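Please look through the sequence and the model shown here. The paragraphs after them lead from one residue to its surroundings, and from there to the chain as a whole.

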Amino acid sequence: MVEQKKRSSLTATINERLRTMILTGELTPGQVVIESDLAERFDSSKTPVREALHQLVTEGLVSVLPKKGYLVRPMTQQDLTEVLDLRMLLEPHAAAECARFADAETIGRLRECLDRQEAAGPKNPMARTERARSFHLEIAHSARSTRLLSSLQRCYAEMVRAQHVLPQLRDHLGNPRELEEHEAIYKAITEGQSAAAAEAMRVHLRTIRSTMGVDLGAEALLWRG
């Protein structure tokens, strides 16, 4: 039992380190990774490495190459479009639910997220973006749905990866409208206005998609209105 717990803990640690390496581009899209190499790198046996990689397969971050290893999945513009579409479907609802359930503690945490985002300043876009993501995560947490939270956490992880491996997205990181739109979402939440919070989130997501240069296309009815 003790050994099993140790292995589970090691697997979780390796999983988190590998996920971070993939999301930040340290393991590049299209790179092949091999269990034995990773085991040596992490000073472990191959079993926890294999278990960690299998978890990343289920998350869609790597795919199995039979008898060769694992491939770090590419991140394409289409992947980004799909993530943004999913956010548009889920996040307005999360904002509405957050407004419905928000108490003083929740509002205080959201205010802290915004203050930290502003303090990062325009010269540190990656830190500013990380703190902006904290604001979105706090809204998702406060919507009181574990499935909604889980889905959005995966979306946010994909966004982190996109910003690291798709250089053309970097201009978005310094967009001054982001904080202004967060303030509008925050205001609606503090006033308990669910419909207004949902609409403010829709406006914000349209801005994100626009500044990232993702083509709306005539078929993108989800983003109209």
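Glu158 is buried, because its relative accessible area is 16% and buried means under 20% relative accessible area, exposed over 50%, and partly exposed in between, with a 1.4 Å probe and protein chains only. This residue lies in helix H7, which covers residues 146-165; helices (H or I, at least four residues) and strands (E, at least two) are DSSP runs, numbered from the N terminus. Glu158 touches Met75 and Val83, leaving aside residues up to four places away in sequence, where contact means heavy atoms within 4.5 Å. Glu158 and Leu84 are 74 residues apart in sequence, and their C-alpha atoms are 9.8 Å apart in space.

The model is predicted: local features need pLDDT of at least 70, side-chain atom pairs count only at pLDDT 80 or more, and totals for chains, interfaces and linings use all residues. Residues are numbered from 1 along each chain as its sequence is written, and side-chain values use heavy atoms, with hydrogens and water left out.

The whole chain comes next. The protein chain has nine helices and three strands, and along the sequence they follow the pattern α-β-α-α-β-β-α-α-α-α-α-α. Of the 225 residues in the protein chain, 45% are buried. Among contacts between residues at least 6 apart in sequence, 68% join residues at least 24 apart.

In soluble globular proteins, nonpolar side chains tend to be buried together. Here the largest nonpolar core has 38 residues, and those with the most contacts inside it are Leu110, Phe135, Ile139, Leu152, Met159, Ile185 and Ile189. A nonpolar core is a set of buried Ala, Val, Leu, Ile, Met, Phe, Trp, Tyr and Cys residues joined through side-chain atoms within 4.5 Å. A second, separate core has 19 residues, including Ile14, Leu18, Ile22 and Ala39.

What does Ile185 touch, not counting residues up to four places away in sequence? Its contacts are Phe135, Ile139, Ala200, Met201 and His204.

The packing of H6 and H8 can now be followed. Their axes come within 12 Å and cross at roughly 20°; axes are lines fitted to C-alpha atoms, for helices over the stretch in contact, and angles run from 0 to 180 degrees between N-to-C directions. H6 and H8 are therefore roughly parallel to each other, since angles under 35 degrees count as roughly parallel, over 145 as roughly antiparallel, 65 to 115 as roughly perpendicular and the rest as oblique. The crossing of H6 and H8 is left-handed, a term used if the near helix is turned anticlockwise from the far one by less than a right angle, with right-handed used if clockwise. H6 makes the contact with Arg128, Ala132, Phe135, His136 and Ile139, and H8 with Glu178, Leu179, His182, Ile185, Tyr186 and Ile189. By class, the contact of H6 with H8 has seven nonpolar, two polar and two charged residues. In these classes Ala, Val, Leu, Ile, Met, Phe, Trp, Tyr, Cys and Pro count as nonpolar, Asp, Glu, Lys and Arg as charged, and the others, Gly among them, as polar.

Another helix pair is H2 and H3, which pack at an angle of about 115° with their axes 9 Å apart. That angle makes H2 roughly perpendicular to H3, and the crossing of H2 and H3 is right-handed. The contact involves Glu35, Ser36, Leu38, Ala39 and Phe42 of H2 together with Lys46, Val49, Arg50 and Leu53 of H3. By class, this contact of H2 with H3 has five nonpolar, one polar and three charged residues.

The loop between H2 and H3 holds Ser44. Is Ser44 buried or exposed? Ser44 is buried, because its relative accessible area is 17%. Leaving aside residues up to four places away in sequence, Ser44 touches Leu10, Ile14, Ala39 and Val49.

Asp43 is placed in the loop between helix H2 (35-42) and helix H3 (46-58). Asp43 counts as exposed, at 71% relative accessibility, and has a positive phi of about 55° although it is not a glycine. Lys67 is in the loop between strand S2 (62-65) and strand S3 (69-72). The phi of Lys67 is near 65°, a positive value in a residue other than glycine, and Lys67 is exposed, with a relative accessible area of 91%.
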